[in-house]
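This briefing goes through one protein model, topic by topic. Please keep the sequence and the coordinates open while reading.

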Amino acid sequence: MFRTIITLALSSALFSCVSTDTATKDQVKLFDLPSFFQSEIKRLAATNPTITKTVRKDSISEVKQIKIENWETELSSFVTIDINKPAYDGYVDVDSINHLVTYTVTNPDLDLSCIQIQYENGKANAIVIERKVKNSLYNTTEFLEYRKNDSYTVEKNQSVKAVGENYYKIEGKF
């Protein structure tokens, strides 16, 4: 009896040292959006382009020629999107046609709807992201578009209880 207990204890101790983390092994790595945009932020900070920036709130808009001082802040809506977060694991359908890859999130409870990445010469050239956030206080739909060396757009429709609806659009053209 004593010998059996010691054998069981040693066996369980040995097996507890073996890694059984299959979630990390099984999760397919999709396009790394945060790294892509961090690279773009560094590139834009180094080149310091003058852009034509249009900011619109509801029906009022303003257009200016400016140099962006902080690209990290300017592109923050893009940087926060990460299709590789564990919450999306198992809920992303991938479709690829020619030079376009589409990631569709199949769980309607998650904030991402769709991400499309267009490639040129084997590198990501344009990215379109559709998001929605819905809770008891507000509903937000968000459309993000980034076209390397051309433009970026952040467009939001927001409906907040007791406040009403708001529309925002920020567009920068290089």
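## Salt-bridge network and overview

Asp111, Arg131, Glu142 and Lys156 are joined to one another in a network of salt bridges. The model is a predicted one. Across the whole structure, a search finds 10 salt bridges.

- Glu142 sits in strand β7, which spans residues 138-147.
- Its relative accessible area is 8%, so Glu142 counts as buried, the limit being under 20%.
- Beyond its neighbours within four places in sequence, Glu142 is in contact with Ser77, Ile129, Glu130, Arg131, Val154, Glu155 and Lys156.
- Two of these contacts, Arg131 and Lys156, are also members of the salt-bridge network.

- Side chains of opposite charge can pair when their charged atoms come close.
- Glu40 and Arg43 form a salt bridge through their side chains, at 2.7 Å from N to O.
- Both Glu40 and Arg43 belong to helix α3, where they are three residues apart, about one turn of the helix.
- Glu40 is buried at 2% relative accessibility, whereas Arg43 is partly exposed at 24%.
- Glu40 also forms a salt bridge with the side chain of Lys148, at 3.4 Å from N to O.
- Because Glu40 lies in helix α3 and Lys148 in the loop between β7 and β8, this pair ties together parts that are 108 residues apart in sequence.
- Lys148 is partly exposed, with a relative accessible area of 27%.

**A charged pair at Lys57 and Asp58**

- The side chains of Lys57 and Asp58 are joined by a salt bridge of 2.9 Å, N to O.
- Lys57 is partly exposed, with a relative accessible area of 38%.
- Asp58 is partly exposed as well, with a relative accessible area of 29%.
- Lys57 falls within strand β1 (residues 50-57).

**The sheet**

- Nine strands make up an open sheet with antiparallel pairing, in the order β2-β1-β9-β8-β7-β6-β5-β4-β3.
- Its edge strands, β2 (60-67) and β3 (92-97), each pair on one side only.
- On average, and with direction ignored, neighbouring strands of this sheet are turned by 10° against each other.
- Strand β1 pairs antiparallel with strand β9 (residues 164-173) over six bridges, and the bridge partner of Arg56 in β9 is Lys169.
- β8 and β9 are paired in the antiparallel sense over 10 bridges, with Gly164 in β9 as the bridge partner of Val160.
- The hairpin of β8 and β9 has three residues between the strands, and Ala162 takes a positive phi near 70° there.
- Strand β5 (residues 112-120) is joined to strand β6 (residues 123-134) by eight bridges, and the two run antiparallel.
- In this part of the sheet, Gln116 stands opposite Val128 in β6.

**The nonpolar core**

- In soluble globular proteins, nonpolar side chains tend to be buried together.
- The largest nonpolar core holds 31 residues, of which Phe78, Ile115, Ile127 and Ile129 touch the most other members.
- At least two residues of this core come from each of α3 (33-47), α5 (76-79), β4 (100-105), β5, β6, β7 and β8 (151-160).
- α3 gives the largest share of this core, five residues.
- What does Ile127 touch, not counting residues up to four places away in sequence? The residues are Phe31, Leu33, Phe36, Phe37, Ile115, Gln116, Ile117, Leu144, Glu145 and Tyr146.
- Ile129 is one of the residues that touch the most other core members, and Ile129 is also in contact with Glu142.

- Leaving out residues up to four places away in sequence, Asp95 touches Leu100, Val101 and Thr102.
- Asp95 and Gln116 are 21 residues apart along the chain, and their C-alpha atoms are separated by 9.4 Å.

Methods: Residues are numbered from 1 along each chain as its sequence is written. This is a predicted model: local features need pLDDT of at least 70, side-chain atom pairs count only at pLDDT 80 or more; totals for chains, interfaces and linings use all residues. Side-chain values use heavy atoms; hydrogens and water are left out. Helices (H or I, at least four residues) and strands (E, at least two) are DSSP runs, numbered from the N terminus. Buried means under 20% relative accessible area, exposed over 50%, partly exposed in between (1.4 Å probe, protein chains only). Contact means heavy atoms within 4.5 Å. Two strands pair if DSSP finds at least two bridges between them. Axes are lines fitted to C-alpha atoms, for helices over the stretch in contact, and angles run from 0 to 180 degrees between N-to-C directions. A nonpolar core is a set of buried Ala, Val, Leu, Ile, Met, Phe, Trp, Tyr and Cys residues joined through side-chain atoms within 4.5 Å. A salt bridge is a side-chain nitrogen of Lys or Arg within 4 Å of a carboxyl oxygen of Asp or Glu.
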